[in-house]
Amino acid sequence: MNTEDPQARYYAGVKMIRYDLIKEFVLAFLVVSLVVVGLAGIFSSPDDPAVTIQTWATAQPIDFVTTAASELAYTSGTAQYGPPYSNTADAAQAVGPIAPQAWAGVGTPIDAAQDFVLRPLGFAAVGNPALTAALQTYGAASADQQQTWLTNYSTALADATVVNDQVTVAAGEYGPVPDLMTGLVGLARTGALDGLLLRSGTLYQTDFTRPLLFMGDGEYLSGLAADQHLTGDQWGMMNETGQYPGQTWLWLFSFWYQIPPFNTAANTDLLVILLMIGLTTLLALVPFIPGLRDIPRWVPIYRIIWRRYYRGR
């Protein structure tokens, strides 16, 4: 009776080396753990304080008021963004007939003037006759009159100064707009505006869309991002603070934003997404593309990796 091990017969003539997978795993785990803990202790992530509308209105009131005036005039980035925030005509990015932003429609409706300025001021006006009168005057004016006030005020803000913690502009035809902005600055500095923009009708307030959009329309938040090397021309789509690259797996997405034609195109985001979909599809089809699938055989890097096995063969 042949008592030879069937597995030994199956692998007869195949050169093999002894390999202890469990020992290898334990050693690798210990080494990696020590490296991670050591590097985390040396290069730990900084615990920067949260950026809020309150800190913005306190640190840069002129930028805050300038942004609020643009929201009221519907000229801000959020007001003109298009889907999913508004139905602004021709704002959605498209490449020919491909327009997923328009297809998705307005899923998170944002009325910049009402959500960021007028509705919060409506709450603050309770018990404040001067602010109530300013809101009534602004609401009763025609759209053209409102636009005239806002245009004049926004132009004057270029030379605005801060006097006694209040944003001051040269005398002009601004209607009730300065009173509205003064009320909004006061509301923001108390921290109340942060809370009002978080109102979602649920117990847990976890939707920061509105305060982030509002701050994103100003220069304060982008300036902080530049200081932390987080802007598109530095690292791009990263969220790690400090001079660190963040998630390295996002480098390929960020790379395309730095070179033509992507860095000047109006529909950059969609172009990059379509390009990455194409490259990912190409990578998935590598095993089925003649020539491309043979590159590993033509460039035998695997022999270097498994050199102990191929030594002498």
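**Charged and nonpolar features of the predicted model**

Leaving aside its neighbours within four places in sequence, D63 is in contact (heavy atoms within 4.5 Å) with W56, G218, E219 and Y220. The structure is a predicted model, in which local features need pLDDT of at least 70, side-chain atom pairs count only at pLDDT 80 or more, and totals for chains, interfaces and linings use all residues. Residues are numbered from 1 along each chain as its sequence is written, and side-chain values use heavy atoms, with hydrogens and water left out.

D63 is found in helix α4. Helices here are DSSP runs of H or I with at least four residues, numbered from the N terminus. D63 is buried yet has no salt bridge. Buried means under 20% relative accessible area, exposed means over 50%, and partly exposed lies in between (1.4 Å probe, protein chains only). A salt bridge is a side-chain nitrogen of Lys or Arg within 4 Å of a carboxyl oxygen of Asp or Glu. The nearest side chain of opposite charge to D63 is R189, 12 Å away. For charge, Lys and Arg count as positive and Asp and Glu as negative, while His and the chain ends are not counted.

By the salt-bridge rule, the count comes to 3. Side chains of opposite charge can pair when their charged atoms come close. D115 pairs with R119, with the closest N and O atoms 2.3 Å apart. Both residues lie in helix α6 (residues 112–124), 4 residues apart, about one turn of the helix. An α-helix has 3.6 residues a turn, so residues three or four places apart point the same way. D115 is buried, at 10% relative accessible area. R119 is partly exposed, at 40%.

R210 also forms a salt bridge with D115, the closest N and O atoms being 3.7 Å apart. This pair links distant parts of the chain: R210 lies in helix α11 (residues 209–216) and D115 in helix α6, 95 residues apart. R210 is partly exposed, with a relative accessible area of 22%. Elsewhere, D294 and R297 meet in a salt bridge at 3.6 Å, N to O. R297 is exposed, with a relative accessible area of 53%.

Helix α11 also holds buried residues, namely P211, L213, F214 and M215. Their cover includes α3 (53–59), α4 (61–72), α6, α10 (192–197) and α12 (220–227).

Two surface patches were examined. Patches are made of residues with over 30% relative accessible area and no salt bridge; like charges are joined within 9 Å, and nonpolar side chains (Val, Leu, Ile, Met, Phe, Trp, Tyr) within 5 Å. The place of a charge is taken as NZ of Lys, CZ of Arg, CG of Asp or CD of Glu. K15, R307, R308 and R311 gather in a patch of positive charge. K15 is found in the loop between α1 (6–10) and α2 (21–42). K15 is partly exposed, at 39% relative accessible area.

The nonpolar patch consists of I295, W298, V299, I301, Y302, I304, I305 and W306. Together these residues have about 880 Å² of accessible area, computed by the Shrake-Rupley method with a 1.4 Å probe, with only the protein chains shown counting as cover for residues. Helices α15 (295–298) and α16 (301–305) each supply at least two residues. α16 gives the most, with 4 residues. V299 is found in the loop between α15 and α16. V299 counts as partly exposed, at 45% relative accessibility.
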